[in-house]
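Please find below a short note for a colleague who is new to this structure.

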Amino acid sequence: MKSLSLKNLAKTYFDAYKGEHVTAIRDVSLEVPAGEFVSIVGPSGCGKSTILNMVAGFIPHSGGEILVGGAPVKGPGPDRGVVFQSFALFPWKTVLDNVGFGPKMRGVPKAERDAIAREYLALAGLSHAADRYPNELSGGMQQRVGVVRALANQPDVLLMDEPFASVDAQTRMTLQDELSRIWEERRPTVVFITHDVPEAVFLANRVVVLSKGKVLAEVDVPISRPRVWDRLVADEQFKDLSNQVLALVRSA
Amino acid sequence: MNALLPLWSFVVRTSVKWPILQTLAPFVPVVALWWAVAAWGPFPPAFFPSPPDVVAKFISLMEKGILPEYLGDSVARLAIGAAVGIGLGVPLGLWIGLSKGAHRALWPVLLFFQAIGDIAWLPILIIWFGFGLTTMTFVIVYTVLFPVILNTVLGVRSVRIELHRAAQSLGASPARIVGEVVVPGALPNIMTGLRNGLGYGWRALIAAEMIVGTSGIGFLMFDARRAGSVTEIVLGMIVLGILWYIVDAWILAPIEQATGRRWGLVTQ
């Protein structure tokens, strides 16, 4: 695990149709120490997905610095695992081969990477689904595979882009419980993008509220772990923090 | 009515056990009608042969070895067309699909040459290569090639950007992404292109064999016209239909079933 730091990050692009420069990210600085879980929330269009895409290296940044463990980011790489809102599983690969894809790209032999994949599938209670294809699974199951596929590649930083936005409410709470448990077991460095305030507070050590391409506020979440919804639903501290963050987002 | 239920049950069980019956059953009324019209006799048999005439012709041509030889020639040409079409069309399609520059430069040209359908090339090919194998090979390769290229390009461009990104962030190099993501993602479209290409190619080949051929099913049919043997022409038509059915149902459909459909990329 490594730290992630964003220093005066900016993104402007030229809209050729309108003929003008558009500023998506004005000036964002953020420190995520190794092993910390940070959620980024904000209204639609505040630039939260743009930040994640730049950290992942999918799109270039136009100003400032992105450092992973002190080294600048140049394009996509296996040191930053990504979990996508649309799951982005390979439909032509079984669940086992999806999870073993990262190790395969590193040249890990078949038997060894299958063992790695099975270990991580067990972590998410997916052992029974190893030989199935993604389209044979429910949305919730597919995203479990998405999370496990990113983790199995042992990234320094895990980037999650609204990963639970497209599953139903019950499944979402189960997935949040499971992600919380897995994070407590493995302690990866996580940046979690969401527009769901309770989700952001439930999962994170710290919630960053973004507005119009800038950091509006950072809220620490000192709620004790392990966190499970059965307990937090009625927890006063959780409610207070959620309301505090929600007020910030609504003011944004 | 209830008395018919056991019969219906028998039909269902038999057709599950012998799927070939499901294929053949629809042809029973077609052949029966053909036979009835031939027996009724408004046309002289030399103009309108009956099923037994065609079967007899089939047996005699098989015994003489003419039909197996001509059939072999046509199928071999189709196979060459398919092989060159895949070997050339898929890599070209991948390149044009992946490179923006190549796409901009070549797409209009491809559409232009695709529009000059197969046998529209025959006049100039006959001048260049004369009557024979080169001309026929050109026609079938040309006909297979364009649908394969065009569909491969569409397939490559239909692969969602998230899948490229997922592979990149799992450590895949550009070359591995082609093999692991682009080719399998484009495969359903490649199969469609191949199916269309072979379908058009088969028709073009028969036409080319009629005009410039010295062997093959098309040549057999056109040669029979000179001899005035309607029976042989009808036999050739039936052979064409059966052969395409075999290629489609026994080779192309199972590949599609095992790939795109299994992965949920193609709806049932």
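Predicted model: local features only at pLDDT ≥ 70, side-chain atom pairs only at ≥ 80, totals over all residues.

1. Residues are numbered from 1 along each chain as its sequence is written, and chains are lettered from A in the order in which they are written.

2. Chain A brings 25 residues and chain B 20 residues to their contact (heavy atoms within 4.5 Å). About 2100 Å² is buried between them, 64% of it from carbon and sulfur atoms (accessible area, 1.4 Å probe, lost on being put together and summed over both parts).

3. Two salt bridges cross this interface (a side-chain nitrogen of Lys or Arg within 4 Å of a carboxyl oxygen of Asp or Glu). One such pair is B:Glu180 with A:Lys104, at 2.9 Å from N to O.

4. The whole structure holds two cavities of 30 Å³ or more (sets of points on a 1 Å grid over the protein atoms alone where a 1.4 Å probe fits but cannot get out; lining residues have an atom within 4 Å of a point). The volume, the space filled by probe spheres set on the points, is about 60 Å³ for the largest cavity. Among its lining residues are A:Arg144, A:Phe164 and A:Glu178.

5. The second largest cavity has about 30 Å³ of space. Its lining includes A:Leu4, A:Ile51 and A:Val191.

Conventions
Heavy atoms only, no water. Buried area = accessible area lost by both parts, 1.4 Å probe. 1 Å grid on protein atoms, 1.4 Å probe; cavity = no way out; pocket = protein on both sides within 12 Å on 5 of 7 lines; lining within 4 Å.
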